[in-house]
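Reader: Hi! Could you walk me through this one? I'd like to start with charged pairs, then move on to helices and the surface.

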Amino acid sequence: MQPMELAVLGVLVVVAVCVVSPRLGVAAPLSLVAVGVGLSFVPGVPDAQIDPEIVLAGVLPPLLYASSVTMPITDFRRDLKAIGGLSVILVIVTSTVLGLLLPLVVPGIGFAEAFALGAIVSPTDAVATSIARRTGAPPRLLTVLDGESMLNDATALVLLRSAVAATGISISVLDVGVDLLLAVAVACLVGVVVAAASLLARSLVKDATVATAISFVVPFVAYAPAEHLGASGLVAVVVAGLAIGSRGYVELRPEDRVAERINWRTIAFLLEGAVFLVMGLQLRPLWDDFSGTGQSVGLMAGVAALVLAVVLVARVLFTGVLLLSLRGDRRQHEASRPRMAALRDYLTSPEAQRHSAARRQRALKAIQRREHDITFYGEQSMSARDGLVLTWAGMRGCITVVAAQTLPHDLAQRDLLVLVAFGVAGASLLVQGGTLAFVVRRLGVLDDREAARRDQLGSLVAALADVSQSRCDEAEVEGLDGRPIDPAVVQHVRRRSTPAAEWAWAGVEGAERDRLLQDFRTLQALVIEDQREALLDLRSEGRYDSVVIGELLDRLDAVQSWVR
């Protein structure tokens, strides 16, 4: 088959599997791996021999950017301790344990080769954690899993590079630590610079299509220079995504954000599906390479089982220590509430007037943020059950398979190490991914925050109503740009700008109101569909300007997205 035909066929397979899998009750990534494995043994299907650099430099950057740009920076900051521990310390510990253990049971490999395998199988996969999102796990767990998978790839790749180099020369632990710190520091600097340049460039253009096109190159613009400087390109991509996500609502126009969100969601969907499909397709070539070495299949299976067991045990133990640490932090946070209150009282007292108003305002905002953080840690504390889910949701995936194939061909026991890495990733996806939903349900950690969601929604609606009323009151008195404004305009804006006004007619909160609102949404959607069909008929008749009809179609899309 020609490359174009393979690409089209791959997209069709990804779409078909993602449509059918939910109906079968199976996570789409698992189905795609299974389909890929099956296709790899079909006669005539070409070997999926893909250069690992294509995945590392061409696939992972946009995937990590798509995840990081939608990550709320506040959530990331609040769980930075857990994310940092899992993505750095746990990777180092797991790699070291395997580096010491495997030479004792696998003939022909030394510490450096075993440490390299540990670095390969240690990181959780950014794509694999999408399975956890479909189980309804609590938001804080998802934040930790997403943050871990976004950053631990960089740690693992730096360790892998050092381990491979150590097979030829002696490298100290200090050298590895310095390399890791420099890789992260330089990457953070590159990511911030790229984010600032991207936001500036996109703020200067007035076309959402052009602005979205600029966003498409951001992951690669962040990745390439960071790698050229010897830093972690993946960390640079994540930092750029976090920075753009945190400033996008200030620097970008609404239509730019909508266009970027839709386009990046599509790109992430296709890349994720392709990654899992190719992962399955690579089984037969890897198996053929291993079979040619004449080594024991039992040895390979035993080593893979041992490695997976070590990875899981290390994660269980580390998660337990992490939860104890977070529990101690929570007690300290609660103990600091009186101090926060005392600081607030001081800043509003006459004695504090000697400080500038701006300085006092900044301090009050810092105290308020700290108090909100304390409330968050108390309301969404992580229990032992959450820790078990956090452990079981740490699946391995494509990054493990891809990183294994970057091992030098002259490395001792390379074929065995590559197939062991694939076995660990495949078993992790199959066993953990296939049972994660059951584990979440069985442990009772499904996200049950409906009451809190309703309370917060009510508070936000009230706040929006206050903002709307304040602006409309001002417009009634002062007008717009110094000219009077028609009261009918103000009244209509009051109604349309206050979400509660759209729901008030349905009565008080309860089952009856929910039914009425659902009927309203259904009927409104039918009306919009009829209006869209009428506009399309008029456009086909050619009676009206297609640009005008296009604008009306866009407005219907906006209204329909609000109704839903």
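Reader: How many salt bridges does the structure hold?
Author: There are 12 salt bridges in this predicted model.

Reader: Nice. Take Asp373: which residue does Asp373 form a salt bridge with?
Author: Asp373 pairs with Arg77, and their closest N and O atoms are 2.8 Å apart.

Reader: And where do those two sit in the chain?
Author: In distant parts of it: Asp373 belongs to helix H16 (residues 357–379) and Arg77 to helix H4 (residues 73–78), 296 residues apart.

Reader: Switching to helices. At what angle do the axes of H12 and H13 cross?
Author: At roughly 30°, with the axes of H12 (residues 254–281) and H13 (residues 283–291) coming within 5 Å. Angles under 35 degrees count as roughly parallel, so H12 and H13 are roughly parallel to each other.

Reader: Which residues make the contact?
Author: H12 contributes Met279, Gly280 and Leu281, while Leu283, Arg284 and Pro285 come from H13. Sorted by class, the contact has four nonpolar residues, one polar and one charged.

Reader: Okay, surface now. Which residues make the nonpolar patch?
Author: Val11, Val15, Val19, Val20, Leu24, Val26, Phe269 and Leu270 make a nonpolar surface patch of about 610 Å². Helix H1 (3–24) and H12 are the elements that each give two or more residues to the patch.

Reader: Which of the elements gives the largest share?
Author: That's H1, with five residues. Val20, for instance, lies in helix H1.

Technical notes
Residues numbered from 1 in each chain as written. Predicted model: local features only at pLDDT ≥ 70, side-chain atom pairs only at ≥ 80, totals over all residues. Heavy atoms only, no water. Axes fitted to C-alpha atoms, helices over the stretch in contact; angles between N-to-C directions. Helix = DSSP H or I, 4+ residues; strand = E, 2+ residues; numbered from the N terminus. Parallel < 35°, antiparallel > 145°, perpendicular 65-115°, else oblique. Contact = heavy atoms within 4.5 Å. Nonpolar A, V, L, I, M, F, W, Y, C, P; charged D, E, K, R; others polar. Patch = residues over 30% accessible without salt bridge, like charges linked within 9 Å, V, L, I, M, F, W, Y side chains within 5 Å. Areas by Shrake-Rupley, 256 points an atom, 1.4 Å probe, with all protein chains shown as cover. Salt bridge = Lys/Arg side-chain N within 4 Å of Asp/Glu carboxyl O.
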